[in-house]
Amino acid sequence: MNRRYRVVVVGMGKRGMHHALAFQANGRFEVAGICDIDPVRLDAAAAKLFGVVKGGNALQVASAVKPDVFCFCTLPDLRAEMIHIGIQSGARLIAFEKPVALNSREGMEIKNLLAASGVKAVVSHQHRYGEHYRKVKEIIDSGALGCVHTVYGTATAWMMHNLSHLIDYMRWYNGDTAAQWVMGQAAGGGKLADAHPSPDYIAGFIQFANGVRGVVECGAGAPDVPEVDYWWRKCRIGAQGTEGFAEVLTAGGWRAVTKTGATSGGGRMDYDLDMPPYIQQIADWLDNDRNVHPCNFESAYAGFEIMMALCRSAVNGGQVSLPLADTADEIEMLRVHLTGHRVLFTPVNAKEYDQQSMGIV
Ligand SMILES: NC(=O)c1ccc[n+]([C@@H]2O[C@H](COP(=O)([O-])OP(=O)(O)OC[C@H]3O[C@@H](n4cnc5c(N)ncnc54)[C@H](O)[C@@H]3O)[C@@H](O)[C@H]2O)c1
């Protein structure tokens, strides 16, 4: 019987609880410590996770527990500091939430910290475990689309919420091929003040090294996904080839048209279904270095660089080569570029982006 890995989870909000409960439900893990600066949330979490060490200071909790896995699910403004604590705690793997960071300066710092420490890391792009996401991948890999030339993704929610997901699954559908350059545009500065600071709308092109073109748009100007009712899950991701296309809708199943005809099927993004395999593959990677987790940091970082390069292109114009050779604060660059600019939004997105009706301008 393999031993159980001890876990500390920091940030007991929505995603922290998802992680803690999924670790606890898996026989290969034991949640040994939890942390939140909000004592009410901390106590509520502790009541569901009996016998854990709890506290409001992540370094103290992690130092007391000495976990195998340090997991943090804080909002995007807290990343490098937690990576430092995870490494200091002696953990063998750090599991954290998307986005990787708010800018390439912090993203590169995290990359260097992890590389120097040798600690494994995973980033939670867990939608890919959905049966509908996997079905599209299976169709692409079967060759039924012929020669794939385009991968695409759209989402109505803003960049720091959803672009990280879109790019991750587009990269996956394209065999995790490296990107060579991107070119992007952005509009609207309303969401730069959000806890997930973002341009209201960002769109662009990605050139992958295998010749495949990525087309992506995220936020206010993104099109409706009329097949899906729930606004937060109006995301469409797919691939087109010489003989057809296949696409997934985050809350609306999948469909494909190939030489043999049209097919479709169900599937909805569901945390209860997506978290268990994500967590199990953490145990698999800890057990054996060869079982590299599909949501490994290196892959997430490649997607993060694409997102940051799109921001730079939106501010400076032109194409941006990848990998990035230097670092910057892309959100600050966008703040200078976009503050006071109002976005033109797709009607279905009015509730989130109509600043006039919200009394902001
Ligand atoms: N992968 C997904 O599908 C998915 C879905 C939703 C959110 N997310 C991401 O998950 C992250 C967290 O989102 P959420 O909705 O769970 O947020 P949340 O606000 O519900 O939870 C964050 C928690 O972190 C705590 N916190 C803040 N600073 C802390 C500190 N220094 N030490 C300890 N605790 C601290 C807060 O008190 C809060 O309880 C975000 O990055 C978000 O983008 C991912």
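**Close-up views of the predicted model**

**View 1. Pro-323 sits in the loop between strand 15 (320-321) and helix 10 (330-338).** Helices (H or I, at least four residues) and strands (E, at least two) are DSSP runs, numbered from the N terminus. The peptide bond that leads from Leu-322 into Pro-323 is cis, with omega near -5 degrees. Please keep in mind that this is a predicted model, in which local features need pLDDT of at least 70 and side-chain atom pairs count only at pLDDT 80 or more, while totals for chains, interfaces and linings use all residues. Residues are numbered from 1 along each chain as its sequence is written, and side-chain values use heavy atoms, with hydrogens and water left out.

**View 2. A cis peptide bond also joins Lys-98 and Pro-99.** Omega is about -10 degrees here. To find Pro-99, look in the loop between strand 5 (93-96) and helix 5.

**View 3. Ser-104 belongs to helix 5 (residues 104-117).** Ser-104 has a relative accessible area of 3%, so it is buried; buried means under 20%, exposed over 50%, and partly exposed in between (1.4 Å probe, protein chains only). The side chain of Ser-104 makes a polar contact with the side chain of Glu-330, at 2.7 Å. A polar contact is a pair of N or O atoms within 3.5 Å; within protein, one must be able to donate a hydrogen and the other to accept it, and residues adjacent in sequence count only if both atoms are side-chain atoms. Leaving aside neighbours within four places in sequence, the residues in contact with Ser-104 include Phe-304, Met-308, Arg-312 and Leu-324, where contact means heavy atoms within 4.5 Å.

**View 4. The largest pocket has a volume of about 950 Å³.** Of the 40 residues that line the largest pocket, Lys-14, Arg-15, Cys-73, Leu-75 and His-196 are the closest to its centre. On a 1 Å grid over the protein atoms alone, a pocket is an open set of points where a 1.4 Å probe fits, with protein on both sides within 12 Å along at least five of seven lines; lining residues have an atom within 4 Å of a point. Grid points are joined across faces, edges and corners, and the volume is the space filled by probe spheres set on the points. The lining of the largest pocket divides into 16 nonpolar, 13 polar and 11 charged residues. Here Ala, Val, Leu, Ile, Met, Phe, Trp, Tyr, Cys and Pro count as nonpolar, Asp, Glu, Lys and Arg as charged, and the others, Gly among them, as polar.

**View 5. The second largest pocket has a volume of about 280 Å³.** Closest to its centre, of the 15 residues that line it, are Glu-298, Tyr-301, Ala-302, Glu-305 and Pro-323. Helix 5 and helix 9 (297-316) are the elements that give two or more residues to this lining. Helix 9 gives the most, with 6 residues.

**View 6. The ligand is surrounded by 25 residues.** The closest are Arg-15, Asp-36, Arg-41, Lys-98 and His-196; a residue counts if one of its heavy atoms lies within 4 Å of the ligand. An N or O atom in the side chain of Asp-36 is 2.6 Å from an oxygen atom of the ligand. A nitrogen atom of the ligand lies 3.1 Å from a backbone N or O atom of Ser-124.
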